[in-house]
Amino acid sequence: MLYSQGTKGLGRIKPRIRELVAWTDREICMEYDEFAHRRGWTVARTGFGSRSYRDPRFDQLRVLRASLIPEEVS
């Protein structure tokens, strides 16, 4: 049975490529992630070089608004 030399090497290269992609992603977003963490924000990775930042104080605003809105009277 013949095996392609390309597929043997690919199995060894794929983990290294994944590591490089993950490292690059962290490097691209590191400054912004640190900024967010220092302020207590949550950071969610949404893709390569992409993040979603959330300030938890927005949740407090939602609760406050809900408490200030009068309930509907039937």
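# Briefing on a predicted α-β-β-α chain

Ile13, Ile17, Val21, Ile28 and Phe48 together make a nonpolar surface patch of about 440 Å².

**Patch and overall contacts**

- Ile13, one of the residues of the nonpolar patch, lies in helix α1 and is partly exposed, since its relative accessible area is 44%.

**Strands and hairpin**

- Strand β1, covering residues 42-47, and strand β2, covering residues 50-54, run antiparallel and are joined by five bridges.
- Within this pairing, Thr42 stands opposite Arg54 of β2.
- The hairpin of β1 and β2 has two residues between the strands, and Gly49 takes a positive phi near 70° there.

- Asp33 is found in helix α1, which spans residues 5-38, and it counts as buried because its relative accessible area of 13% falls under the 20% cut-off.
- Once neighbours within four places in sequence are set aside, the residues in contact with Asp33 are Val43, Arg51 and Tyr53.

**Aromatic pair**

- A search of the whole structure finds one aromatic pair, formed by the rings of Phe35 and Trp41, whose centres are 5.8 Å apart and whose planes stand at 85°, so that the pair is edge-to-face.
- Both partners are partly exposed, with a relative accessible area of 35% for Phe35 and of 24% for Trp41.

**Salt bridges**

- The structure holds seven salt bridges, and one of them joins the side chains of Arg16 and Glu19, with an N to O distance of 3.3 Å.
- Arg16 and Glu19 both lie in helix α1, where they are three residues apart, or about one turn of the helix; Arg16 is partly exposed at 48% relative accessibility, and Glu19 is likewise partly exposed, with a relative accessible area of 46%.
- Arg54, which stands opposite Thr42 in the strand pairing, forms a salt bridge with Asp59 in which the closest N and O atoms are 2.6 Å apart; the relative accessible area is 34% for Arg54, which is partly exposed, and 33% for Asp59, which is also partly exposed.
- In the salt bridge between Asp55 and Arg57, the closest N and O atoms are 2.5 Å apart, and the two partners fall into separate accessibility classes, Asp55 being buried at 9% relative accessibility whereas Arg57 is exposed, with a relative accessible area of 55%.
- Salt bridges that share partners also join Asp25, Asp33, Arg45 and Arg51 into one network, in which Arg51 is a residue already listed among the contacts of Asp33.

Terms used
Residues numbered from 1 in each chain as written. Predicted model: local features only at pLDDT ≥ 70, side-chain atom pairs only at ≥ 80, totals over all residues. Heavy atoms only, no water. Helix = DSSP H or I, 4+ residues; strand = E, 2+ residues; numbered from the N terminus. Buried < 20%, exposed > 50% of the residue type's maximum accessible area, 1.4 Å probe, protein only. Contact = heavy atoms within 4.5 Å. Pairing = 2+ DSSP bridges. Patch = residues over 30% accessible without salt bridge, like charges linked within 9 Å, V, L, I, M, F, W, Y side chains within 5 Å. Areas by Shrake-Rupley, 256 points an atom, 1.4 Å probe, with all protein chains shown as cover. Salt bridge = Lys/Arg side-chain N within 4 Å of Asp/Glu carboxyl O. Phe/Tyr/Trp six-rings, centres within 6.5 Å; stacked < 30°, edge-to-face > 60°.
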